[in-house]
Amino acid sequence: MKHIIICIVCAVLLFSYIGESTMSQQLIVGTNAAVSPVTRMATAVAPVARKVEVPKGLQAGILLGHADDLPTARFKRAFEKTIDPEVKVNCVDAAGSVETQYTMFDKMIEAKYNVIVLELITSASAKQFIDSAGQAGVPLILIGEKPSEELLTAYPNIYYMGFMDESLAQQMAEETYNLWINNPKLMDFEKDDWDLTYSSLSKTGYSASGQKEIFEETMKDLGVSTSLAVDSITRHFDYNLHKEVDQTIIDDSEIVFYDSSVEVQKVINYFYDPTEFSRRPKQQLALSVIDDGAAKLVADGEVVFACGPDSTELGSLASRLATLLMAGQEPNFQNLEMEPTDGRYFYLPNKVLRADIAPEPIKDQSDIK
């Protein structure tokens, strides 16, 4: 009888502890959660996918449209790194030519490849590729330009992988807002106002690409007025990085957006040049691209956040899908760790990287030599 009573008491104490621990964790999450001005769809936690066994001697073809493009190169590298080593991967580049793609694709079909990954140069070319693969029964994974739903569902062996139709400018605005209200001293230059001065150094220009309008409209909805100080196009022949960076500092830009991690690394080197600055300028840097350089800059605290499509993640997911198709399995949430839309579309959200520690700021801009 005593043993029974002791067991009952232990059980009560154990469940009480679990309940308190769970409540404590919920309170901690609630306290540290960042403010999210725009509600986003929650992502379910996927089960850990098991390794898929594939027969030996299989061939996977990757037919790229522009292999010299950096995101495409990262996609290719991730695909080849994560595919089963027993699978022979042949990657070819059409160098922007649809006609070249047609020729290379036909050769892959004739060689009886077990799966083909095709980067569409234009959606207008999709029908010929889809018909050829569909009639031959070769699994086809399309990336790049998205074909129509009618074409994609014409055959059971056609799939598309890409990114969600998210506004990067809106996401940058939300991240900027969250950064500001959670770390006001980093963004406001101790002015204690709701006016944000920002700049952009990008290949296409913030205004010309339409991002300025979306960014400022989103910030306005959040109660923040904005002013674009410098809108520099980095691919112009007369572009001078140091000159443009100096101007952003003179104009009191509180945050500057870049679309190249290589360019930001040059800015960081400039900031830490003792012949130019006595201390790092009080200016936050953000990136609208995800790559290895961006990840390192965020991890080092030199960039406060980076967001954008992650082509490495897309390449890994495409490799997983290709493996499943070669093994004769139907892709689903359990074996792919991602739920397809209408069974054919696989969409990845933009990825966000946030720095834990921001760079140490100076009190004013008088340290510029």
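This protein has 13 helices and twelve strands, and what you're looking at is a predicted model. Of its 369 residues, 44% are buried. Among contacts with a separation of 6 or more, 71% come from residues 24 or more positions apart. The protein exposes about 19,700 Å², with carbon and sulfur atoms supplying 54% of that.

- Start with Gly-61, which is found in strand E1, residues 59-64. Its relative accessible area is 1%, so Gly-61 is buried.
- Setting aside residues up to four places away in sequence, Gly-61 touches Asn-90, Met-108, Tyr-113, Val-115, Ile-116 and Val-117. Take Met-108 from that list: 47 residues separate Gly-61 and Met-108 in sequence, yet their C-alpha atoms are 7.0 Å apart in space.
- Next up is Ser-202, which belongs to strand E6, residues 195-202. Ser-202 counts as buried because its relative accessibility is 5%, and the cut-off for buried is under 20%.
- Once neighbours within four places in sequence are left out, the contacts of Ser-202 are Ser-232, Ile-233, Thr-234 and Asp-259.
- Then there's Leu-297 in helix H11, which covers residues 292-299. With 4% relative accessibility, Leu-297 is another residue that counts as buried.
- Leu-297 is in contact with Ser-261, Val-264, Gln-265, Ile-268, Leu-287, Glu-302 and Val-303, again ignoring neighbours within four places in sequence. For Gln-265, 32 residues away along the chain, the C-alpha separation from Leu-297 is 7.7 Å.

**Aromatic pairs**

- Search the whole structure and you get 15 aromatic pairs. One of them joins Tyr-102 and Phe-129 in a tilted arrangement, 4.9 Å centre to centre with 40 degrees between the planes.
- Tyr-102 sits in helix H3 (residues 98-110) and Phe-129 in helix H4 (residues 126-136), so this pair ties together parts of the chain that are 27 residues apart in sequence.
- Are Tyr-102 and Phe-129 buried or exposed? Both of these residues are buried.
- Elsewhere, ring pairs link up a cluster made of Tyr-198, Tyr-206, Phe-215 and Phe-257.

- How much space lies in the second largest pocket? The figure is about 1,000 Å³.
- This pocket is lined by 36 residues, and the closest to its centre are Asp-69, Pro-71, Phe-163, Pro-309 and Ser-311.
- Several elements each supply at least two residues of the lining: helix H2 (70-82), strand E3 (115-120), strand E4 (140-144), strand E5 (158-163), helix H10 (261-271) and helix H12 (311-326).
- Which of them gives the largest share of the lining? That's H2, with five residues.
- Sorted by class, the lining of this pocket comes out as 17 nonpolar, nine polar and ten charged residues.

**Where the topics meet**

Definitions and conventions:
Residues are numbered from 1 along each chain as its sequence is written. This is a predicted model: local features need pLDDT of at least 70, side-chain atom pairs count only at pLDDT 80 or more; totals for chains, interfaces and linings use all residues. Side-chain values use heavy atoms; hydrogens and water are left out. Helices (H or I, at least four residues) and strands (E, at least two) are DSSP runs, numbered from the N terminus. Buried means under 20% relative accessible area, exposed over 50%, partly exposed in between (1.4 Å probe, protein chains only). Contact means heavy atoms within 4.5 Å. Rings of Phe, Tyr and Trp (its six-membered ring) pair if their centres lie within 6.5 Å; planes under 30 degrees apart count as stacked, over 60 as edge-to-face and the rest as tilted. On a 1 Å grid over the protein atoms alone, a cavity is a set of points where a 1.4 Å probe fits but cannot get out, and a pocket is an open set with protein on both sides within 12 Å along at least five of seven lines; lining residues have an atom within 4 Å of a point. Grid points are joined across faces, edges and corners, and a volume is the space filled by probe spheres set on the points. Ala, Val, Leu, Ile, Met, Phe, Trp, Tyr, Cys and Pro count as nonpolar, Asp, Glu, Lys and Arg as charged, and the others, Gly among them, as polar. Accessible areas come from the Shrake-Rupley method with a 1.4 Å probe; for residues, only the protein chains shown count as cover.
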